[in-house]
Number of protein chains: 2
Amino acid sequence: MVTKNGRRRREYAPRVPIEQRRRELLDAALRIVVRDGHGAVTMEAVAAATGVTKPVVYGVFPNRETLLGELLRREQAAALEQLVELLPALRKGLAAGAHPADVLAEALDGFLAAVRAAPERWSCVVSPMADMPAQFNAAREETRGLVLASAEELGRWITRTFDASTDLDPELIAHTVVTLAEMAARLVLTDPERYEPARFVKGLRAAVGLVR
Amino acid sequence: MVTKNGRRRREYAPRVPIEQRRRELLDAALRIVVRDGHGAVTMEAVAAATGVTKPVVYGVFPNRETLLGELLRREQAAALEQLVELLPALRKGLAAGAHPADVLAEALDGFLAAVRAAPERWSCVVSPMADMPAQFNAAREETRGLVLASAEELGRWITRTFDASTDLDPELIAHTVVTLAEMAARLVLTDPERYEPARFVKGLRAAVGLVR
DNA sequence: TTACAAAGCTACGTCCGCGTAGCATATTGC
DNA sequence: GCAATATGCTACGCGGACGTAGCTTTGTAA
């Protein structure tokens with residue numbers, strides 16, 4: 001009822017099974033990362049944003065590192081999942097010999113829609129988060145590596161389709177494609193008024209149209 | 001000679017005028033930022049890396065924020081200076097109606113040479129440094145804004161030269177060019193064996209060669 | 001050679017975030 | 001209605017980084 005020092009005891013937060021708490025806490029942590037950077041993700045802040053106290057957080061995650069690790073893994077995985085869902089349509093386009101500009105524009109459009117569907121997730125996936133503990137950047141690079149490998153497939157298709165010189169190697173194309181996709185995502189997320197997805201899609205169409 | 005607790009007194013570092021110290025300290029801070037992230041730039045760490053003690057650092061910078069601020073300003077300014085030196089050659093190319101592939105390849109080559117000439121500087125200029133105090137990102141964005149504006153000039157030249165549709169607007173081109181330059185720089189800096197500047201230059205040539 | 005100013009150094013006080021110990025209460029099964 | 005247990009809360013110890021007070025040494029100029 002009342003504490004040692006005579007202060008009124010805080011009202012109890014509703015009790016919640018641990019797996020649900022885990023999700024709530026990670027959601028709160030994500031919001032904080034996005035809004036204030038990962039340095040602001042203190043155990044206290046996560047607790048407060050979830051409406052509980054610090055030891056509750058420690059009841060779910062043994063330490064801050066684990067919390068951040070699980071958060072990043074969860075978001076990376078979910079983002080990757082969204083990308084995988086775009087693959088069938090893309091592959092069909094590549095195989096069917098559709099017009100390159102259409103194939104690429106469709107893919108970009110789908111991607112930016114995915115980004116807008118989960119803005120917080122993507123804003124932490126799509127920008128480097130400098131000076132995180134090494135293991136996190138490693139995790140990020142791992143996922144990004146998968147995407148790059150997949151983009152190389154696209155790179156090979158591009159060199160074939162446009163009959164490019166071998167100087168334009170698929171790995172370079174992959175880096176370019178992924179980097180530009182990330183750029184578009186960042187702009188769409190940080191300044192949605194000025195940078196609508198359609199703008200990038202149209203721009204891409206026009207650029208591809210210049211070839212040949 | 002000897003301290004209160006009977007410990008031997010530390011040997012005095014050579015005395016150095018303040019402006020030189022300032023440079024030394026900023027140099028040390030830069031090395032630390034690049035190697036271990038900005039979180040590792042504690043006043044203590046900077047002092048140690050310079051071979052002095054903490055109060056010496058406070059003798060030059062009133063607080064950590066100022067130190068980091070001055071560091072970033074210095075590096076941004078120096079980087080910008082390197083870019084400005086590349087401008088005359090580029091402008092000449094644009095005006096002289098040289099072959100676009102040559103103009104662009106030359107520019108990229110010059111840029112990557114500049115990056116390799118000052119790798120630490122560029123590795124902190126070229127990657128976002130998430131979760132720095134807001135003012136620093138603001139400073140970075142300011143400089144980057146100048147570069148973007150300049151790149152827009154290039155964008156207009158490109159649309160003119162290739163007679164592109166208005167969907168490919170100069171602002172988009174500017175973002176693309178700057179982002180890809182940053183990407184190349186990052187790759188060259190983090191994995192110089194695998195990504196030599198020439199690789200990007202040849203790739204760019206090949207890509208531009210596809211047009212028309 | 002000596003005094004004094006400039007530059008360094010030691011030693012703290014403070015704050016903040018991590019992580020823990022142990023008490024309080026809500027909920028569930030009987 | 002009541003015990004048992006899971007969930008939450010208060011309170012604290014610890015360490016690391018910031019920033020400061022005040023003493024010590026070095027170099028220089030009279």
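A polar contact here is a pair of N or O atoms within 3.5 Å; within protein, one of the two must be able to donate a hydrogen and the other to accept it. Keep that in mind for the first stop. Also bear in mind that you are looking at a predicted model.

**Stop 1**

Select B:Arg9, which sits in the segment before H1 of chain B. Show side chains and draw the distance to B:Tyr12: the two side chains make a polar contact at 3.2 Å. B:Arg9 is partly exposed, since its relative accessible area is 43%.

**Stop 2**

Move along to B:Arg22, in helix H1 (residues 18-36) of chain B. Is this arginine buried or exposed? Buried, with a relative accessible area of 19%; the cut-off for that label is under 20%. Leaving out residues up to four places away in sequence, B:Arg22 touches B:Val60, B:Phe61 and B:Glu70. Pick out B:Glu70 from that set, as B:Arg22 forms a salt bridge with it, with the closest N and O atoms 3.2 Å apart. That links distant parts of the chain: B:Glu70 belongs to helix H4 (residues 64-95), 48 residues away from B:Arg22 in H1. B:Glu70 counts as partly exposed, at 26% relative accessibility.

**Stop 3: H4 again, now with H6**

Stay in chain B and select B:Glu75 and B:Arg121, whose side chains meet in a salt bridge (3.2 Å, N to O). B:Arg121 lies in helix H6 (residues 119-125) and B:Glu75 in helix H4, so this pair ties together parts 46 residues apart in sequence. B:Glu75 is buried at 3% relative accessible area, while B:Arg121 counts as partly exposed at 22%. Now hop to chain A and select A:Asp27, A:Arg74, A:Glu75 and A:Arg121: salt bridges with shared partners join these four into one network.

**Stop 4: one turn of H1 in chain A**

While you're in chain A, zoom in on A:Arg21 and A:Glu24. Their salt bridge has its closest N and O atoms 2.6 Å apart. Both residues lie in helix H1 (residues 18-36) of chain A, three residues apart, or about one turn of the helix. A:Arg21 is buried at 9% relative accessible area, and A:Glu24 is partly exposed at 26%. Over all chains, the structure holds 30 salt bridges.

**Stop 5: where the chains meet**

Zoom out and colour by chain. How many residues are in contact here? 34 from chain A and 33 from chain B. Together the chains bury about 2,800 Å², 66% of it on carbon and sulfur atoms. Ten residue pairs are in polar contact across the interface. On the chain A side, helices H8 (170-190) and H9 (197-210) each supply at least two residues. H8(A) gives the largest share, nine residues. By type, that side of chain A divides into 16 nonpolar, eight polar and ten charged residues.

The interface also has six salt bridges; for one of them, select A:Glu171 and B:Arg194, whose closest N and O atoms are 2.9 Å apart.

Next, select B:His175, in helix H8 (residues 170-190) of chain B. Beyond its neighbours within four places in sequence, B:His175 is in contact with A:Met183, A:Leu187 and A:Tyr195, plus B:Leu148. B:His175 is buried, with a relative accessible area of 8%.

**Last stop: the cysteines**

Finish with A:Cys124 and B:Cys124. Each counts as buried: A:Cys124 at 5% relative accessibility, and B:Cys124 at 5% too. How many disulfides does a search of the whole structure find? Zero, over all chains.

How values were computed:
Residues numbered from 1 in each chain as written. Chains lettered and ligands numbered in written order. Predicted model: local features only at pLDDT ≥ 70, side-chain atom pairs only at ≥ 80, totals over all residues. Heavy atoms only, no water. Contact = heavy atoms within 4.5 Å. Buried area = accessible area lost by both parts, 1.4 Å probe. Helix = DSSP H or I, 4+ residues; strand = E, 2+ residues; numbered from the N terminus. Nonpolar A, V, L, I, M, F, W, Y, C, P; charged D, E, K, R; others polar. Disulfide = S-S within 2.5 Å. Buried < 20%, exposed > 50% of the residue type's maximum accessible area, 1.4 Å probe, protein only.
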